[in-house]
Amino acid sequence: LAFDLFLFTGQRIGDVARMKRSDIRDNAIRVVQEKTGAELWVPIHPQLDASLAALPSSGLALLQRQTGQPYTKGGLDNWFRRKREAAGISPGLSPHGLRKAAGRRLAEAGATAHEIMAILGHRSLREVQRYTSDADQRRNAIAAMKKFVGTEVERKVSSTTK
């Protein structure tokens with residue numbers, strides 16, 4: 001669930017740690033970002049919906065310690081690190097990396113910069129560009145190659161009709 005909350009909401013670790021059941025309404029999660037104060041309404045991705053459906057029905061917080069207490073930002077970061085290490089995953093995987101991955105995946109899916117801002121809560125296009133530059137390069141390269149291939153086809157057709 002923690003992984004899916006990071007990846008499919010694109011929120012910062014402190015915001016994910018503070019998410020409660022009461023924040024979920026109308027197939028979306030309401031987030032008031034700790035860093036910016038921005039109030040967001042983030043639609044729930046189907047994979048996150050499946051993870052939420054498997055959540056035990058007790059407690060207020062979405063992510064809880066075994067004691068039932070909600071995680072703090074630092075506690076969730078430590079928990080994530082321990083799980084990553086136990087799984088043998090590179091230290092490069094972090095909650096913030098999953099936030100960046102959410103932005104990249106939104107861009108790869110064709111979301112506009114303003115749509116990505118609406119999910120991640122960024123206030124500037126510059127910040128979105130920083131998060132999505134790799135996805136933009138790939139998407140733009142594919143689009144460019146399709147155009148290039150199209151001109152090759154046009155060239156062949158026009159050379160045979162002369």
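1. The lining of the second largest pocket is made up of eight nonpolar residues, two polar and one charged (Ala, Val, Leu, Ile, Met, Phe, Trp, Tyr, Cys and Pro count as nonpolar, Asp, Glu, Lys and Arg as charged, the others, Gly among them, as polar). A pocket here is an open set of points on a 1 Å grid over the protein atoms alone, where a 1.4 Å probe fits, with protein on both sides within 12 Å along at least five of seven lines; lining residues have an atom within 4 Å of a point.

2. The model is predicted: local features need pLDDT of at least 70 and side-chain atom pairs pLDDT 80 or more, while totals for chains, interfaces and linings use all residues. Residues are numbered from 1 along each chain as its sequence is written, and side-chain values use heavy atoms, without hydrogens and water.

3. Among the residues lining the second largest pocket are Val-42, Pro-43, His-45 and Arg-105. At least two lining residues come from each of α1 (2-9), β3 (39-43) and α5 (95-108).

4. In β3, Leu-40 and Val-42 point to one face and are buried (under 20% relative accessible area, 1.4 Å probe, protein chains only).

5. β3 runs antiparallel to β2 (residues 28-32), with five bridges between them, and Pro-43 stands opposite Ala-28. Six residues separate the two strands in a hairpin, where Gly-37 in the turn has a positive phi of about 80°.

6. In the largest pocket, the lining divides into nine nonpolar, three polar and three charged residues. Helix α4 (residues 73-86) gives the largest share, three residues.

Terms used. Helices (H or I, at least four residues) and strands (E, at least two) are DSSP runs, numbered from the N terminus. Buried means under 20% relative accessible area, exposed over 50%, partly exposed in between (1.4 Å probe, protein chains only). Two strands pair if DSSP finds at least two bridges between them.
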